[in-house]
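I opened a new entry for this structure. My notes follow below it.

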Amino acid sequence: MDGQDSQDPKQSPADMTAFVQNLLQQMQNRFQTMSDSIVTKIDDMGNRINELEQSINDLRAEMGVEGSPSPVAPPKPAEETTKEEGST
């Protein structure tokens, strides 16, 4: 029994070390997977933002070609009305 008791303390730290190393490896793999997933999602969001900006620019170009005022610009008839009132 003394031989077996002396092996248990030696085996226990070795088992614990292997367990901790395995656990750390699993955690590292999970963090790497999550990191890769986050980077992929950020890249996708960046692409979507670029597409949205391009769509907005295309719409602005179409509105400019058609002669429509920009939604952010103040309406032109109101400016013309003000000028006409001041000149009369």
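I took helices (H or I, at least four residues) and strands (E, at least two) as DSSP runs, numbered from the N terminus. By that count the protein chain has two helices and zero strands.

I noted that this is a predicted model, where local features need pLDDT of at least 70, side-chain atom pairs count only at pLDDT 80 or more, and totals for chains, interfaces and linings use all residues. Residues are numbered from 1 along each chain as its sequence is written, and side-chain values use heavy atoms, with hydrogens and water left out.

I checked pLDDT, the predictor's confidence in each residue, from 0 to 100. The protein chain has a mean of 78, and 61% of its residues reach 70 or more. Over residues 1–6 the pLDDT is below 50. Where pLDDT is low, the predicted coordinates should not be read in detail.

I looked up burial next, with buried meaning under 20% relative accessible area, exposed over 50%, and partly exposed in between (1.4 Å probe, protein chains only). Of the 88 residues in the protein chain, 0% are buried.

I then picked methionine 27, which lies in helix α1 (residues 2–66). Methionine 27 counts as partly exposed because its relative accessibility is 39%.

Terms used: Contact means heavy atoms within 4.5 Å.
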